[in-house]
Amino acid sequence: MALLLGVLVATTGFTVLTGATDTARLEVTGGVDRAAGAAAYQVLIRPKGTRTKLEDERQKVRPNSLSGIYGGITMDQVRQIAGTEGVDVAAPIAMVGYANQTRVASVDVTALVDRSLDRQLIRIDPTYLADHGLSSAKGRAQYVYVTKHPLVWPKILGASTARVEFSDGSVRRGGDLCGDTLPVLEDGKPVCTWLDQTESGLMNDLQGVVVTPYQLMPDGRFQHGMEGENADQVLTGDTATAPMSWHIPMLLAAIDPAAEARLVGLDGAVTAGHYLGPADRVERKYPPLNEPFLPVLTVEQPYPDNAVSIGLSRVSLSAPPPGDTPDAALAALETMTGPKLGTRSVQPQAQKLGGGQLLQPFMRTGGVDYTENPDGSLAAVPVDSDPDAWRTPNFFGLRLPWQIYDTSYRSIDQGSALGNTEIVGLYDPGKVQAFDPLSKVPMETYQAPTATGGDRRTQDLLGGGALLPSGNPAGYLATPPTLLTSLDLLDQLYETLGLSTARADPVSAVRVRVAGVHGFDDAARERVRVVAERIAAATGLDVDITYGSSPEPQAVDVSAGQFGRPALRLSELWTRKGVAAAIVSAVDRKSVVLFVLVLVVCALFLANAVAAGVRDRRTELATLTALGWPARRVFAVVLGEVAAIGLVAGAGTMLLAAPLGWLLDVRVPWERGLLAVPMALLLALLAGLAPALSAARARPAKGLRPVALRPRRAGRPRGPIGLGLRNLLRVPGRTLLGACALAIGITAATLLGAITFAFHGAIVGTLLGDAVSLQVRSVDTIAVAATVLLGALAVADVLYLNIRDRSAELATLRATGWTAGALGRLVAAEGFGIGVLGGLLGAGAGLGGAAWLVGTVTTGLIWTAVAALAAGALVATVAAIVPALLLQRLPTARLLAEE
């Protein structure tokens, strides 16, 4: 009965556990199915030659790759792609180029004005920040001049050496007033409002000074005049403010509005104004300017990580700021300092409908090159980038972004000026259709690239946050498109400007969604492959299958910047192609490993049970041999009985597996239930082979010998624990069998962590890989726990057999005064010894296997192995409880009488 129950439990557990393993595989495939089916598109098409050697070698698509691609695909090729059989949506995008956008903020200094002073100067010292505050640069001070004396305003705009009329009727020569800058007049003396205007076309954000004058009225309000034709008018208000401005690059891209709406629902992300449509046209506006205006959508807030921190101070003046010459005025202003009044963080004004952007200067930047480090990480290669390429010849009035002088990783080329834009709609990138982040594909049109810290130092420098694009268009992280227009409108603009040749191959990439792909299976994979193959054959373009892809962390080193940012190790999410298929394959291999581990531990358990049955009948078998039975007949008797028990147990498993699987929510197919019968028979025969051979070879006299051997050196053990550990040496084969059974479970438990490491390594730490690990971990844990449990049962079986074989010895110890507690400690010591031995074997094997999977022995792996060793000792000691309880039921008197 014990052997029957052993085979029944082992085969039933084996059948159900392999069913659980298959269930895990199906769940993993389902997880991949859901993630891959939720991707925005399945095929990415780029111009021929734009896929780098690095991408080919690593089977990845680098982020921000499109921002450095300006054309290469013709509109005929786009139409060819869209007309390919099996294509549901073909969404082209054309990167056009960068232009400056002036970011304007208003600094309210009303509360800082000392109303008791006759004249005063509020000094604003800006510090420009980027790269999570790691890059900073101090700009020139700006000023708000407040006086109680009347101010007079000029009536013309701009610098001039001609006669300048003021609002009080006086006339001055422009060249005599602050150089080439128009001042206001106070008591007939000029107060310069903008110095160095002649150099404005060569300035950047860190240069240039603006003085904003206000007259403090007797009623406490502030009066600010208006220049030009409205100089006779004045503005009176309750606040005094100063303008603060800086510049960031804006990338213009052209899309197919209809295709984009179908692909990502861009039309539903518009928050103000309207979506691009047929009614939008390129028009020449605002005579005499009469330049073409391009309708665009723009984001509510641009992406770059730029901020301005200002320090505020106040200076009391006895006379107006000097205005004799620009240089003298500026030198005098910069020496004027006063008590600090605090600091503020300045936020730019939000984008507004109807506003526009002058597409001049108009730049294009290249891509990033990398070198490979020995550890597999990458290093971005800095390039010499000429900031003057950002200037348009003979065009003044626009400053350069201050970060144009920072470390560059992209080349800068100057393009043709494209006039102006007109904002017809605002959109929120966060409202673009969301897709499963586990199957994320390059979507830089709507998402700013981010890079987190790739090591502890960088994480600390970034404050646990992410690095975002800065104001340097040639920086490592490129700004995604912030201005979107239609390809048709861009065509109209080119024609209006007489640049029709620029429309030969404007498209940078085409994203293709394949029809009929709703999950991840063989049919869908083949459908995507066929479409990609047709497109590649028809167009000759670079085609990447992003179906089944997932983001994968890639370590990238970037060198130190010119404004204080130290060298960083970043972790970027590159798109790993074909991750879904690789994960399915990896999970299949893991299922095979679990299958083998369960099979081996079951075989060991059964072998011990069959051996116990043979040992129980050793006297009987020895007698049969003495009576003349040949060895083959003894072998057949033992193996035949085991085979019969295996058949009965297999039939029981066939009946129990399905109901048990239903209770455990594990699918056990009926085919596997039928296989339980030959499986149980085979296991029983394999387990009984060695004991049957041993019985056939045994001599008659051997059946009368005790099973437990005496140790070679008896010694004098101290107490129950010492005696229990020595007893293990008396049955070395049995001890080793129990330790091996337990070791398999400990090995499986140790490898459970290693499998997770493998998903972060070979499957390469993708987000999709992590999710699959999480989904299968519960099933893995059940399988490993069952393996450990079977090992613990084998240990308990060994201890029980030890007690039974030495029952007379134990009865003698009890008769001589040993207490039940002492006998229990003796059995527990034997279990502890087996546990330590099994733990050492299992933890060592698990550590070796984990190191092989990970490629190195880490501190975490060592601690996992130590924990597994401790768990093995604990499990075996707990397994000794039942044999220890059975020990209390030994009939002492009868055993002594028989002895």
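Is L655 buried or exposed? L655 is exposed, at 62% relative accessible area, where exposed means over 50%, buried under 20% and partly exposed in between (1.4 Å probe, protein chains only). This is a predicted model: local features need pLDDT of at least 70, side-chain atom pairs count only at pLDDT 80 or more, and totals for chains, interfaces and linings use all residues. Residues are numbered from 1 along each chain as its sequence is written, and side-chain values use heavy atoms, without hydrogens and water.

**Surface**

- L655 sits in helix 11; helices are DSSP runs of H or I with at least four residues, strands are runs of E with at least two, and both are numbered from the N terminus.
- M654, L655, L656 and L674 make a nonpolar surface patch of about 370 Å².
- Patch residues have over 30% relative accessible area and no salt bridge, with nonpolar side chains (Val, Leu, Ile, Met, Phe, Trp, Tyr) joined within 5 Å; areas are Shrake-Rupley values with a 1.4 Å probe.
- Helix 11 (residues 631-663) gives the most to this patch, with three residues.
- A690 lies in helix 12 (residues 670-697) and is exposed at 53% relative accessibility.
- The C-alpha atoms of A690 and A607 are 8.0 Å apart, while the two residues are 83 apart along the chain.

**Salt bridges**

- The whole structure has 17 salt bridges, each a side-chain nitrogen of Lys or Arg within 4 Å of a carboxyl oxygen of Asp or Glu.
- D131 and R565 pair at 3.6 Å, N to O.
- D131 is in the loop between strand 4 (119-130) and strand 5 (135-138), and R565 in the loop between strand 33 (550-558) and strand 34 (568-576), so the pair ties together parts 434 residues apart in sequence.
- Both D131 and R565 are buried.
- R569 bridges to D375, with the closest N and O atoms 3.2 Å apart.
- D375 is exposed, with a relative accessible area of 53%.
- R529 and E526 meet at 2.5 Å, N to O; both lie in helix 8 (residues 522-539), three residues apart, about one turn of the helix.
- D118, R119, E186 and D187 form a salt-bridge network.

**Cavities**

- There are five cavities of 30 Å³ or more.
- A cavity is a set of points on a 1 Å grid over the protein atoms alone where a 1.4 Å probe fits but cannot get out; lining residues have an atom within 4 Å of a point.
- The largest cavity holds about 160 Å³.
- Of its 15 lining residues, D131, S470, G475, Y476 and R565 are the closest to the centre.

Notes
1 Å grid on protein atoms, 1.4 Å probe; cavity = no way out; pocket = protein on both sides within 12 Å on 5 of 7 lines; lining within 4 Å. Points joined across faces, edges and corners; volume = space filled by probe spheres on them. Patch = residues over 30% accessible without salt bridge, like charges linked within 9 Å, V, L, I, M, F, W, Y side chains within 5 Å.
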